[in-house]
Amino acid sequence: MFMLNKFSLIILTRCNLRCRLCCEYVPQNQPFSDMSLDEEQRILDAVFDVAEHITTVHLTGGGEPFLHPRLAEMVEAAAAYADRFDTLMLFTNCTVPISEKLMRTLARYRDKILVQVSQYGKQPDREADILRSLHAHGIRCKVVNYSGEDQDFGGWVDFGPWEAQGQDTDILEKRFRGCAVTRDMGGNWRTRDGKVHWCSRSQRGMELGLIPDCPEDYVDLFDNSTRAEKQEKFRRIANAPCLSACDRCSGDQGTDDQQKRYPAAEQM
């Protein structure tokens, strides 16, 4: 059986916050159009044609996914594959009010839904109200604290400039294998347009034109390759010595050096 541990659909690239160290570089760039329901369905059909099972499906964003006006319908579309995944996960900064329609939809699929709440402390009263409402509807939440002195993971990291560093392969291999995406997550497979990348640095960098397009570093769900060929490419990327994006990254994702971590969600 061919399985993926995690697969993220980037349903929008806009946010109501302007975080200086946003790993998606949302404040610095104009957003793409929000993903449509047809686009979501096309991607879901394609990925589940390749993978028999996915542990966690994410409806996420290069920003705040709860801003998507049709998030309830997107949850419904993903839930149609409920027998093919374990968890349907959504991220939120817990500052965007949740409509009654969306709350009912989340509650309907509560056995599969997990909402990860990143608490930045920017609107604490609203954060508390939204979290209480999610709990009241029986929706599982994973709360990650990014405010105050005791921040999860010690805060955020700076992924550095986009220019190529010209590092030797052995350094890049160590960077790739030591990255939390590889070491801890086994890949953060993600796509906005059907091109599935290992990590956000690769995906976001290439779609913004900040990293040269490198087809060897992503699986295009809509190209003419066969199902078996796509599966093999997923395996090849996961077992690659490094990616082209590694030479355009600080390599600090997952670092234990607290001097390389910064308070999360500092606003521009």
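## Exercises on T255 and its protein

At 18% relative accessibility, T255 counts as buried. The model used in these exercises is predicted.

**Exercise 1.** Work out why T255 counts as buried, and find where T255 sits.

*Solution.* Start with the cut-off: a residue is buried under 20% relative accessible area. T255 has 18% relative accessibility, so T255 counts as buried. Next, locate the residue: T255 lies in the loop between α8 (227-238) and β10 (261-262).

**Exercise 2.** Find the partners of T255.

*Solution.* Begin with the side chain of T255, which reaches the backbone nitrogen of D257 at 3.0 Å. Then set aside the neighbours within four places in sequence: T255 is in contact with V157, K260 and R261.

**Exercise 3.** Check the overall dimensions of the protein against the rule for a compact globule.

*Solution.* Take the chain length first: with 268 residues, a compact globule would have a radius of gyration near 18 Å. The protein has 18 Å, which agrees with that value. For the extents, the C-alpha trace spans about 50 × 45 × 30 Å along its principal axes.

**Exercise 4.** Describe the fold and surface of the protein in numbers.

*Solution.* The secondary structure comes to eight helices and 10 strands. Of the contacts between residues at least 6 apart in sequence, 78% join residues at least 24 apart. Among the 268 residues, 51% count as buried. The protein exposes about 12,500 Å², and carbon and sulfur atoms supply 48% of that area. Finally, count charges: there are 34 positive and 41 negative side chains, with the centres of the two sets 2 Å apart.

Note on methods
Residues numbered from 1 in each chain as written. Predicted model: local features only at pLDDT ≥ 70, side-chain atom pairs only at ≥ 80, totals over all residues. Heavy atoms only, no water. Helix = DSSP H or I, 4+ residues; strand = E, 2+ residues; numbered from the N terminus. Rg over C-alpha atoms; globule rule 2.2 N^0.38 Å. Buried < 20%, exposed > 50% of the residue type's maximum accessible area, 1.4 Å probe, protein only. Contact = heavy atoms within 4.5 Å. Areas by Shrake-Rupley, 256 points an atom, 1.4 Å probe, with all protein chains shown as cover. Lys, Arg positive; Asp, Glu negative; His and termini not counted. Charge placed at Lys NZ, Arg CZ, Asp CG, Glu CD. Polar contact = N/O pair within 3.5 Å; in protein donor to acceptor, adjacent residues only side chain to side chain.
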